[in-house]
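Student: I am new to this structure and would like a close look at one part of it. Could you take me through the aromatic rings and what lies around them?

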Amino acid sequence: MVARDQLTPKRSHTATRTTVLWVHRALRQQIVSNELAPGSQINQVQLAERFGTSRGPVREALRLLQQEGLVVATPNRRPSVAPVDPGAVDSTYAQRILLE
C-alpha cells in the first residue's frame with residue numbers, strides 16, 4: 001500500500017524559500033512606500049489569496065519583517081505594521097547625510 005504523503009507532490013525547499021522572499025520583498029515595499037500604513041492590521045488569509053500562495057510563506061515573510069522591525073506581532077492578535085518613530089527617522093536621515 002502506498003502512503004498518502006507519497007502521492008502528494010512536495011514543493012522543493014528552494015521553491016518555498018523563493019516564495020517567502022518574494023512575499024517578503026513585496027510586503028516590505030508596501031510598508032516602506034506607506035501603502036500599508038503604520039498601525040494597520042495585516043490579514044494573512046487575504047495576503048495569501050492576493051499573492052496566490054498558502055499562509056505558510058506569508059507567515060514566514062511576516063516573521064522576517066518582524067525581525068526587521070517593520071511588523072509588530074502580539075500573541076492572539078493579527079500582526080500589524082510597526083508604528084513610525086519620528087526620532088528614529090531623523091536619526092536615520094542624519095546618518096545617511098554623514099555617510100554621503
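Tutor: Happy to! Let us begin with a charge: the charged end of Arg 50 sits over the ring of Phe 51, 5.5 Å from the ring's centre. For a charge to sit over a ring, NZ of Lys or CZ of Arg must be within 6 Å of the ring centre and within 35 degrees of the ring normal. Before we go on, please note that this is a predicted model, where local features need pLDDT of at least 70, side-chain atom pairs count only at pLDDT 80 or more, and totals for chains, interfaces and linings use all residues. Residues are numbered from 1 along each chain as its sequence is written, and side-chain values use heavy atoms, with hydrogens and water left out.

Phe 51 also has an aromatic partner. Because Trp 22 belongs to helix α2 (residues 13-32) and Phe 51 to helix α3 (residues 44-51), the pair ties together parts that are 29 residues apart in sequence. Helices (H or I, at least four residues) and strands (E, at least two) are DSSP runs, numbered from the N terminus.

Leaving aside neighbours within four places in sequence, Gln 30 is in contact with Glu 35, Leu 36 and Arg 50, where contact means heavy atoms within 4.5 Å. Gln 30 counts as buried too, at 12% relative accessibility.

Finally, here is the setting for this part. The protein chain has five helices and two strands, in the order α-α-α-α-β-β-α along the sequence. Buried residues make up 27% of its 100 residues. Of the contacts in the chain with a separation of 6 or more, 62% are between residues 24 or more positions apart.

How values were computed
Buried < 20%, exposed > 50% of the residue type's maximum accessible area, 1.4 Å probe, protein only.
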